[in-house]
Amino acid sequence: MTVVPFLLTALAVSGVLDADPALLAVLGLLLLGGGGAAVARGVRRSRGAGRGESGGDGGGRAGTGLLEREPEDAGAGDDRAGGAVTEELELPEVEVPDTPAELLERERVEPEVPAEPITLRERFRRRLTRTRNVLGASVVELFGGGVTEEAWEGLEEALITADVGVTATMEIVEELRRRAREEGVTDGDEVLALLQEELRTALGTPDRSLARATDEGPTVWLVTGVNGTGKTTTIGKLAAVEARAGHSVTLAAADTFRAAAAEQLGIWAERTGAQLVRKEEGADPASVAYESYDAAHARDSDLLIVDTAGRLHNKRQLMDELGKVKRVLEKQAGPLEEVLLVLDATTGQNGIAQAKAFLEAVEVTGIALTKLDGSSKGGIVVAVQRELGLPVKLVGLGEEIDDLAPFEPQLFVEGLFSEL
């Protein structure tokens, strides 16, 4: 606001407001009260000085109005006017009391407590929601009205919809009917308990652990599968889990047909501190595997994980090449500890056809079943093991590293029927 008087003064001196000096006073009064009038008086006096005093008292007083009514003590009036614009008001210093200690305690920001890690049981329960909605909830609803023929037929349909497979479904339902008759089961909850027992039996296997070398030299895991199943990501998560456990890891980028695969594996190598062995795009995958084993042995790595080109299971030439990679590694390391086939749980029964083709090319030792959290076809776990005799060793339950989890049949079955 202190700029306004000076602006008005400048306008008056320049002659813009000569025609009506009263307008200057009105504007001053409206904007700054008494301070504006004082500014106007100063302007009038400056005009008078410019015009000279020769006009005498009579000439000088011609047209006397508001602007010419000066206080008796002009100097005092001018001081007051100037004070209204420029003087600073001095306020006494006020002591501000210290903030009470109890308030400081309340304002103190508590450090964030890291979230507790999710247990494997809880991980299965949370991630199997889709399959649970298709299978578990259906069974509860079917047998809610009692053990009837319609309920048994509905159970068959629910199991097939969840991709347990026709053969496995018929065997499971037939066994359930037999036990229900022999044990006199007439309640839906009892049928549900029997079904869980049968699923655990169907998934029973003596050992699902990942094998490791018992002699000198690195453990070798060969990983294969169709493009898009999450094969390279599974390898990266495996490397992260092993590095966290204190194991040194070498990664072999033997998928030389797709540059993005080697780049993706390189990112995982940087994250986990693993050694990466790769060659130019289009190089012989078997030569990459050979050099990778030598590098892992020279570095004294605990584990060598070999990524192979994602290939269609119905392309014989590509499948033969996979067999060549395996044979080259076996000449150096002897029998491989693991040949893991990565399957996408969302493909359902198509995964069975893929697995059969890979079994003809290489001796698969176990299945890594990815994207189980995003599928309503979790019954593929039962189908793979029941029809192929292959244990599911790893399952993908989400995007996090810990979501690549060892498969636990007990926790899997619990997850299918929890909260029902």
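Student: Before we start, what should I keep in mind about the numbering and the model?
Tutor: Happy to set that out: residues are numbered from 1 along each chain as its sequence is written, and side-chain values use heavy atoms, with hydrogens and water left out. Because the model is predicted, local features need pLDDT of at least 70 and side-chain atom pairs count only at pLDDT 80 or more, while totals for chains, interfaces and linings use all residues.

Student: How many helices and strands does the protein chain have?
Tutor: Helices (H or I, at least four residues) and strands (E, at least two) are DSSP runs, numbered from the N terminus. Counted that way, the protein chain has 18 helices and eight strands.

Student: What percentage of the residues in the protein chain is buried?
Tutor: Buried means under 20% relative accessible area, exposed over 50%, and partly exposed in between (1.4 Å probe, protein chains only). Of the 420 residues in the protein chain, the buried share is 44%.

Student: In what order do the strands of the open sheet lie?
Tutor: Two strands pair if DSSP finds at least two bridges between them. The pairing in this sheet is mixed, and its eight strands follow the order E3-E2-E4-E1-E5-E6-E7-E8. Each edge strand pairs on one side only, and these are strand E3 (275-277) and strand E8 (404-406).

Student: Which residue is the bridge partner of Leu 369 in E7?
Tutor: Let's begin with the two strands: E6 and strand E7 (residues 392-396) pair in the parallel sense over three bridges. In E7, Leu 369 has as its bridge partner Val 395.

Student: At what angle does helix H16 run to E5?
Tutor: Axes are lines fitted to C-alpha atoms, for helices over the stretch in contact (heavy atoms within 4.5 Å). Angles run from 0 to 180 degrees between N-to-C directions. Helix H16 (residues 350-361) lies across strand E1 (219-225) and strand E5 (338-344), and its angle to E5 is about 155°.

Student: Is Asp 307 buried or exposed?
Tutor: Asp 307 sits in strand E4 (residues 303-308). Leaving aside neighbours within four places in sequence, Asp 307 has contacts that include Val 223, Lys 231, Ala 253 and Leu 265. Its relative accessible area is 1%, so Asp 307 is buried.

Student: What is the phi of Asp 163?
Tutor: As background, most residues other than glycine have a negative phi. Asp 163 is found in the loop between helix H9 (149-161) and helix H10 (166-183), and with a relative accessible area of 9% it is buried. Its phi is a positive value in a residue other than glycine, near 65°.

Student: And what is the phi of Lys 371?
Tutor: Lys 371 is in the loop between strand E6 (366-370) and helix H17 (380-388). At 34% relative accessibility, Lys 371 counts as partly exposed. Here, too, the residue is not glycine and phi is positive, near 60°.

Student: How far apart are the closest N and O atoms of Glu 175 and Arg 178?
Tutor: Glu 175 and Arg 178 are three residues apart in helix H10, so about one helical turn separates them. Glu 175 is partly exposed at 25% relative accessibility, and Arg 178 is partly exposed at 30%. In their salt bridge, the closest N and O atoms are apart by 2.3 Å.

Student: How far apart in space are Gly 246 and Asp 302?
Tutor: Gly 246 lies in the loop between helix H12 (231-244) and strand E2 (249-254), and it is exposed, with a relative accessible area of 59%. Gly 246 and Asp 302 are 56 residues apart in sequence, and their C-alpha to C-alpha distance is 9.4 Å.

Notes
Salt bridge = Lys/Arg side-chain N within 4 Å of Asp/Glu carboxyl O.
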